[in-house]
Amino acid sequence: MQKREFNKSLLAAGALGLFEASFGLSRAYAQTRGGTLNSIVQPEPPMLNLAISQLTPTQMVSGKIFLSLLTYDVNLKPLPSLARSWTISPDGKTYTFNLEPAAKWHDGKPLTADDVIYTVKEFLPVTHPRAKAIFARCESITAPDAHTVVFKLTEPFGPFIGAFDISNLPVMPKHIYAGTDVTKNPNNMNPIGSGPFKFKEWVRGSHIHLVRNDEYFKPGLPYLDAIIYRVIPDGASRALAIEKGTVQLTQWTDLELFDAQRIGKLPNLQMTTKGYEYFAPIMWLEINNRTAPLNDKRFRQAVMHAIDRNFIKDKILYGFGKVATGPVNSKTKYYEPNVKKYDFSIAKANALLDEMGLKPDAKGVRARVRLPVAPYGEMVQRACEFIRQSLSKIGVAVTLEASDTGSYSQRIANWDYDLNLLWLYQFGDPALGVTRNYVSSNIRKIMFTNTVGYSNPEVDRLADAAATETEDAKRQALYSQMQKLIVEDVPIAWLVEMEFPTISDKRVQNLVTTAIGIHESFDTVYFKN
C-alpha cells in the first residue's frame with residue numbers, strides 16, 4: 001500500500017473507531033494494564049539508536065527501548081532507572097552506581113557493568129555530541145563487580161550527576177556492538193535494548209510498533225501492551241488523527257501550533273507544556289563562522305538586528321515561548337540577563353553591513369547564503385521563509401534548500417551550510433548542554449556540537465573554569481562573563497526560548513511525570529477507563 005493511501009485509510013479507520021482492530025488490538029483498556037497507545041512521530045526518524053542519532057524523533061521512540069542509569073524529576077533531582085541506588089564521595093570525585101541485578105537485554109542476555117563501561121569508553125566517544133567531553137573528565141571508569149560501576153573524576157564536576165539521562169548515556173549492549181562499526185550495525189534499525197518496550201516492526205512511511213517487554217526488571221510494568229508511532233507526513237492529517245482519536249498522543253512539533261491552540265481545548269483531550277524542563281530548547285539560527293562574510297561578527301550582529309523575533313514568537317510559534325537573549329535559556333541555571341541587546345532594527349543592520357564594506361550589486365544583493373530547511377513541519381518552513389524575507393531587507397539573499405531527515409543531519413554535521421534553523425537542548429546545566437556549542441575543543445563533524453566553528457580562547461577558559469567550580473556564586477560569575485562574550489560575538493542568532501504542547505487523550509495517565517517528559521520510558525503510562 002502506498003504511503004498516501006495508507007494514511008488515508010488509517011485516518012478513516014480512526015474516524016470509525018476501527019484502527020485498533022486493523023492491528024489486532026483491543027479498545028477495551030483496563031484500569032492499569034493493557035491497551036495500545038497510538039502516537040505520532042514527526043518526522044520519521046532516520047534510525048532507532050539514540051546513541052548515534054540525537055534527533056528528536058529518534059530520542060522519543062528509543063527512550064522506550066533503551067534506558068540510562070538515571071532519570072530526573074521536574075526539579076532535576078536524580079531518580080533511579082538502571083541504577084537502583086548511587087553514592088557520591090565527600091570530595092565530589094567518585095560516583096558509585098549500583099545497577100538493577102534483574103535487568104536484561106531484550107534478547108535475554110544479562111545487562112551488566114561491562115555494558116555501561118563499553119558504552120561510555122568505546123561507543124559514545126565515536127558518535128555522541130556531548131558524551132566525549134563529559135566523560136573525558138573521568139580518571140577511571142571501573143566495575144568492582146557485575147552490577148557496580150564506579151566513575152572517578154580527575155577533579156570535582158558538579159553537573160556530573162545530571163549527565164545520566166537517556167539522551168546523554170543510553171546504555172548499549174556490548175555483545176551486539178563490540179567489534180563492529182557501530183554506525184553501520186544492523187541493530188541500529190532493529191534495536192535490542194533493556195527498556196520496558198521491545199522493537200517489533202518498522203514499516204517505513206507507515207509506523208513503528210513496540211510491544212511490552214515481559215521480562216522488564218520492574219515487576220508488573222509496563223502497563224501498556226504496545227506503543228505504535230504513526231508516520232503522518234501531512235500536518236492537517238496529524239491534527240485530524242488526534243481529533244478523531246486515531247492517535248492518543250502528540251508532542252513536540254507533531255501539530256502545527258495554530259492547531260495545537262484549538263485542539264488542546266477539546267473536551268476529550270488534555271494539553272500541557274510541562275515535561276520539557278530538562279531540555280529548555282532555544283530556537284536559533286546557526287551561522288557558519290568559517291566563510292566570508294559570515295566570519296565577521298558585524299555580519300552576524302546585523303542578522304540579529306534584521307530578524308523580528310517577537311514576530312516569530314507571536315505569529316509563527318503562536319505564543320509558545322519567549323524571546324531569547326543569548327545562549328542560556330532563562331529556565332536554565334546560571335542564566336545571565338544583562339547581556340548586549342539586539343533590538344529589531346533594519347537601520348542598525350544596514351549600518352553594520354555598510355561598515356563592513358558589503359556593497360549591494362545591481363540587484364541590491366550584498367551577500368548570498370544557503371539555508372537547508374529541516375523536515376519538521378510547516379512551522380519550520382514558515383520560520384525559514386520569514387528569515388529569508390527578513391534578511392532580504394538588508395541585501396542578504398537566502399536560498400532555502402529542502403532536505404529529508406537523513407540528508408539534513410548529514411549536511412549540518414559536515415558543515416555544509418551557511419545558515420541553519422534548529423533548536424538544541426540545554427540539559428539542565430550549561431556544562432552539559434550549552435558550552436558544547438561554543439568551545440573550540442568541540443568543533444566536530446557530529447550533529448549538535450560546535451558545528452558553526454566558533455572559537456574564542458577566553459570563552460574556552462571560562463567554560464572550563466565554570467564547569468569545574470563547585471561554588472554556585474562563582475559558577476554564576478564565570479558563566480555570566482562567558483555569556484556576555486558570546487552574545488557580543490553572535491556565533492549563533494538566538495531567536496525564541498521554545499515551549500511545546502503535549503496533547504493527549506484524557507484517558508492516558510502518568511504521561512508526563514519527569515523533566516524529560518515524553519522521552520521517558522512510559523513504563524507507568526496507562527489508560528483510565
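A crossing counts as right-handed if the near helix is turned clockwise from the far one by less than a right angle. I needed that for the first entry. The model I am reading is predicted.

**Entry 1: a helix pair**

I looked up how α10 meets α12. α10 passes α12 in a right-handed crossing. Helix α10 covers residues 309-316 and helix α12 covers residues 378-392; they pack at an angle of about 150°, axes 11 Å apart. Angles over 145 degrees count as roughly antiparallel, so α10 is roughly antiparallel to α12. Next I listed the contact residues. α10 brings Phe-311, Ile-312 and Ile-316, and α12 brings Met-379, Arg-382, Ala-383 and Phe-386. I sorted this contact by class: 6 nonpolar residues, 1 charged, no polar.

**Entry 2: the largest pocket**

I noted a volume of about 530 Å³ for the largest pocket. Its lining has 22 residues, and Ile-52, Ser-53, Ser-409, Ala-413 and Met-447 lie nearest the centre. Which elements give two or more residues to this lining? I found α4 (113-127) and α13 (405-413). α13 gives the most, with 4 residues. The lining splits into 11 nonpolar, 9 polar and 2 charged residues.

**Entry 3: the second largest pocket**

Here the volume is about 400 Å³. I found 20 lining residues, with Ala-133, Arg-137, Thr-435, Val-439 and Ser-441 closest to the centre of the second largest pocket. α5 (131-135), α14 (430-433) and α15 (457-468) each give two or more residues to that lining. α15 gives the most, with 4 residues. By class I have 10 nonpolar, 3 polar and 7 charged residues in the lining of the second largest pocket.

Conventions: Residues are numbered from 1 along each chain as its sequence is written. This is a predicted model: local features need pLDDT of at least 70, side-chain atom pairs count only at pLDDT 80 or more; totals for chains, interfaces and linings use all residues. Side-chain values use heavy atoms; hydrogens and water are left out. Axes are lines fitted to C-alpha atoms, for helices over the stretch in contact, and angles run from 0 to 180 degrees between N-to-C directions. Angles under 35 degrees count as roughly parallel, over 145 as roughly antiparallel, 65 to 115 as roughly perpendicular and the rest as oblique. Contact means heavy atoms within 4.5 Å. Ala, Val, Leu, Ile, Met, Phe, Trp, Tyr, Cys and Pro count as nonpolar, Asp, Glu, Lys and Arg as charged, and the others, Gly among them, as polar. On a 1 Å grid over the protein atoms alone, a cavity is a set of points where a 1.4 Å probe fits but cannot get out, and a pocket is an open set with protein on both sides within 12 Å along at least five of seven lines; lining residues have an atom within 4 Å of a point. Grid points are joined across faces, edges and corners, and a volume is the space filled by probe spheres set on the points.
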